[in-house]
Amino acid sequence: MSTTEQRVAVVTGAARGIGAATAVRLAAEGRAVAVIDLDEAACKDTVEKITAAGGRAIAVGADVSDEAQVEAAVARVAEELGAPVILVNNAGVLRDNLLFKMSVSDWDTVMNVHLRGSFLMTRACQKHMVDAGFGRIVNLSSSSALGNRGQVNYSAAKAGLQGFTKTLAKELGKFGITANSVAPGFIATEMTKATAERVGMGFEDFKAVAATQIPVQRVGEPEDIANAIAFFTGDAAGFVSGQVLYVAGGPLD
Ligand code: NAP
């Protein structure tokens with residue numbers, strides 16, 4: 001690839017939240033961006049933000065846990081935008097419950113979206129990265145990887161993504177591909193808003209209580225995570241691979 005050619009990035013779960021902020025940020029870095037989410041129509045706002053600022057983006061509807069949909073989505077990105085060489089595996093869901101109340105379906109859904117989804121997306125994109133001799137993969141882990149009550153499924157998936165990341169770094173490094181993981185703490189999005197509702201708290205109160213436990217005394221915003229992802233996906237980060245960066249406003253126990 002010539003250095004003047006625009007690199008193509010894929011961001012999953014990019015209709016809203018951290019994914020949307022990341023798509024907008026990567027476009028501002030000069031990337032053409034495929035905005036992938038379950039519902040193609042829901043990606044419209046993110047795409048419009050990018051194109052209104054003079055960037056290139058397309059909306060692609062796909063369930064990352066479905067092999068055929070992932071293959072079709074990545075083929076469409078390659079056809080319409082160019083070979084994807086930057087991948088951010090961000091799509092995610094919560095199905096929180098204490099172990100004794102957790103259904104098999106809630107376990108499977110979380111494993112399928114986070115782990116199977118990241119595997120399928122990465123497998124589909126890596127051939128384009130190998131051909132280009134360049135690639136950047138970022139997997140969204142979480143502070144919950146260290147253990148969190150009520151999230152035995154989610155914490156297992158997010159810890160699994162850290163092992164996935166390190167193995168990708170070892171397997172793919174020789175092709176100019178790096179893989180890193182960003183592990184957010186509390187970020188204000190629809191995901192944490194839904195958790196506030198589940199525990200019967202208003203979102204503002206929920207955030208205020210969370211902020212008291214965070215050394216910088218505030219909760220994170222999606223842009224805080226997009227900033228870290230922009231670093232890992234940049235050309236200058238070629239010697240940083242297999243790392244997990246906790247972005248949580250302080251160290252974690
Ligand atoms: P969010 O606001 O809930 O957004 C997640 C997006 O992913 C939604 O648009 C959702 O679509 C989409 N999605 C869900 N399942 C999908 C699938 N199978 N295929 C494609 N898209 C799918 O979440 P967020 O807070 O931005 O979180 C983004 C990532 O960061 C997740 O991996 C999450 O686990 C991680 N994270 C978040 C926090 C936090 O505090 N917010 C902390 C640590 C880690 P629908 O709306 O249609 O379901």
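Analyst: In this predicted model, a polar contact is a pair of N or O atoms within 3.5 Å, one able to donate a hydrogen and the other to accept it.

User: How do you know that the span of helix α3 agrees with its number of residues?

Analyst: Helix α3, residues 67-80, has 14 residues, which at 1.5 Å a residue should span 20 Å. Its end C-alpha atoms are 20 Å apart, so the two values agree.

User: Which residues of α3 are buried, and why are they placed on the same side?

Analyst: V70, A73, V74 and V77 are buried in α3. They cover an arc of only 95° around the axis, and therefore lie on the same side of the helix. The face turned away from that buried side carries A68 and E79, which are exposed.

User: What covers the buried residues of α3?

Analyst: The cover includes strands β1 (8-12), β2 (32-37), β3 (57-61) and β4 (84-89), together with helix α4 (104-132).

User: Why does T12 count as buried, and what does T12 touch?

Analyst: T12, found in strand β1, has 2% relative accessibility. Buried means under 20%, so T12 counts as buried. Leaving aside residues up to four places away in sequence, T12 touches G19, I36, V64, V88, N89, N90, A91 and M121.

How values were computed:
Residues are numbered from 1 along each chain as its sequence is written. This is a predicted model: local features need pLDDT of at least 70, side-chain atom pairs count only at pLDDT 80 or more; totals for chains, interfaces and linings use all residues. Side-chain values use heavy atoms; hydrogens and water are left out. Helices (H or I, at least four residues) and strands (E, at least two) are DSSP runs, numbered from the N terminus. The expected span of a helix is 1.5 Å times one less than its number of residues. Buried means under 20% relative accessible area, exposed over 50%, partly exposed in between (1.4 Å probe, protein chains only). The arc is that of the directions from the helix axis to the C-beta atoms. Contact means heavy atoms within 4.5 Å.
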